[in-house]
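The terms are defined where they first come up.

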Amino acid sequence: MAPGLSSPGRRFRAYTVKHLDDLTTRAGLSAAERLAVRAVATVLPFRTNEYVVERLIDWDAAPDDPIYRLVFPQSDMLPEADIREIGGLLARNAPEMEVRAAAHAVRTRLNPHPAGQLAFNIPALADEPLPGVQHKYPETVLVFPRQGQTCHAYCTYCFRWAQFVDEPDLKMATDDMGRVTDYLRQHPEVTSVLITGGDPMIMGEAVLRRYIEPLLDPALEQIESIRIGTKSLGYWPQRFVSDPDAEDTLRLFGEVVAAGKNLAIMAHFSHPRELESSVVGEAVRRISSAGGVIRTQAPLIRSINDDPAIWAGMWRTQMRMGMVPYYMFVERDTGPQGYFAVPLLQAHEIFRDAYASVSGLCRTVRGPSMSATPGKVCIDGVVEVAGEKAFALHMIQARNPAIVGKPFFARFDPGAIWLSDLEPAFASRFPFDSTPEELPGLWAPEVLASMS
Ligand SMILES: *Cc1c(COP(=O)(O)O)cnc(C)c1O
Ligand code: SF4
């Protein structure tokens, strides 16, 4: 560790594209490889910080180190022709405008808003859309705060990259909590608000409070839990320990608990190394003392955490530290997805082997789960019925609650990596295929009736 870096009380400092060449030199990359990485970083966002660089990455193992691969773009993440074109522009110091235009063209060929997020799930209030809010499952509303659309570092596999790059049409966020609370009052079926991003913990306490405090209004007694989706415990645990507003933030969490609601930190940990530093342990203790509950989740990523021992180790350490394992996700269908994808069969085997080796206290975890257009689909395993092999699946979450938790089958396909690769087995359609799509944010009366 370099002298003085990440010492307690040290303020957050991001590393960006400016620092990329120095850092990839440290990883031992050749000039040609460094140029290719810079080309990728014109298309996909790059950002890290000195805690990740000095405390998490094992530089002796870079560029193969999993934490290095977690935050640094890889030269082969985009099609070779694109890299060659943009690399050529960078090599001859082409005008910024020309580089941007080429990067934009590559980006439009990727798929920044998977699972129909942009089109399907934006609710409406008084016939006006409510951007920055998603209402997909009856009981839960997602809020994307305008000031929370960045992170302490970016994950190379992130499907939310469209939020971070300079493409205004691709962004979605809100700073109008008045409209959000109006919407919630009109939707008493909503009991949980999930504040997400980006990373909401990038916001200082005063700004975060503007999003949380309105939800504590007694008129919103229906709200039972406020969740914050964050990777700050992995990327910048100082947020809860030594940042200037750490104490105020914990007090805000305490106010949520005092209002009779569950304050849940949905913590994203990709690799057990993120749990090792003493700062993380201290952050977990402080959040727990404030009355918060930390639940953990992460996607399964090829070359970063595609090994049952990694997941079992992660769940056991999390449980020991007082956290609750929650979800293992299948990587979503984003642009560079082919790069990180783990086939569903292998994903299930990794989950099962890890699950089988931990105690019941860790078996709160569910997965592997695909967050797809119809909902969260869990792969339960492979069955053989009347000589035919099939995947057994169930919906953990669905737009239509009537199909949650009911088993169904798909034809066995060892190469399938996503729901869209699957065909129904022992039935002519999947349960969600027979459900007509609802209008955005409007729930059919029979659905609402079934919930009360
Ligand atoms: C996962 C998810 C939720 C929360 O689902 P839980 O099963 O309650 O954790 C809500 N909205 C969307 C869009 C989600 O993907
Ligand atoms: S921390 Fe979350 S939102 Fe931020 S880059 Fe990683 S996965 Fe994406």
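Predicted model: local features only at pLDDT ≥ 70, side-chain atom pairs only at ≥ 80, totals over all residues.

Contact here means heavy atoms within 4.5 Å. Axes are lines fitted to C-alpha atoms, for helices over the stretch in contact, and angles run from 0 to 180 degrees between N-to-C directions. Helices (H or I, at least four residues) and strands (E, at least two) are DSSP runs, numbered from the N terminus.

Residues are numbered from 1 along each chain as its sequence is written, chains are lettered from A and ligands numbered from 1 in the order in which they are written, and side-chain values use heavy atoms, with hydrogens and water left out.

Two strands pair if DSSP finds at least two bridges between them.

Buried means under 20% relative accessible area, exposed over 50%, and partly exposed in between (1.4 Å probe, protein chains only). Strand β11 is mostly covered, with seven of its seven residues buried. Six bridges join it to β10 (residues 293-300), and the two strands run parallel. Arg-295 stands opposite Val-324 in β11. Between these strands the chain passes through helix α14 (residues 308-321), and this β-α-β crossover is right-handed, a term meaning that, with the strands pointing away from the viewer, the path from the first strand over the helix to the second runs clockwise. β11 also pairs with β12 (residues 366-372), again in the parallel sense, over two bridges. There Tyr-327 stands opposite Arg-366 in β12.

Another strand of the sheet, β8 (residues 225-230), holds Thr-230. Thr-230 counts as buried because its relative accessibility is 4%. Not counting residues up to four places away in sequence, Thr-230 touches Asp-199, Met-201, Ile-265, Met-266, Ala-267 and His-268.

Next come two packed helices. The axes of α2 (residues 31-43) and α5 (residues 80-91) come within 8 Å and cross at roughly 105°. The helices are therefore roughly perpendicular to each other, since angles of 65 to 115 degrees count as such, while those under 35 count as roughly parallel, over 145 as roughly antiparallel and the rest as oblique. Among the residues in contact are Leu-35 and Val-43 in α2, and Ile-83 and Leu-90 in α5.

What remains is backbone geometry. Most residues other than glycine have a negative phi, and most peptide bonds are trans. The bond joining Gly-367 and Pro-368 is cis, with omega about -10°, and Pro-368 lies in strand β12. The bond from Gly-197 to Gly-198 is also cis, with omega near 15°. Asp-127, not a glycine, has a positive phi of about 70°; with 76% relative accessibility, Asp-127 counts as exposed. Ser-303, in the loop between β10 and α14, has a positive phi of about 75° and is partly exposed at 26%.
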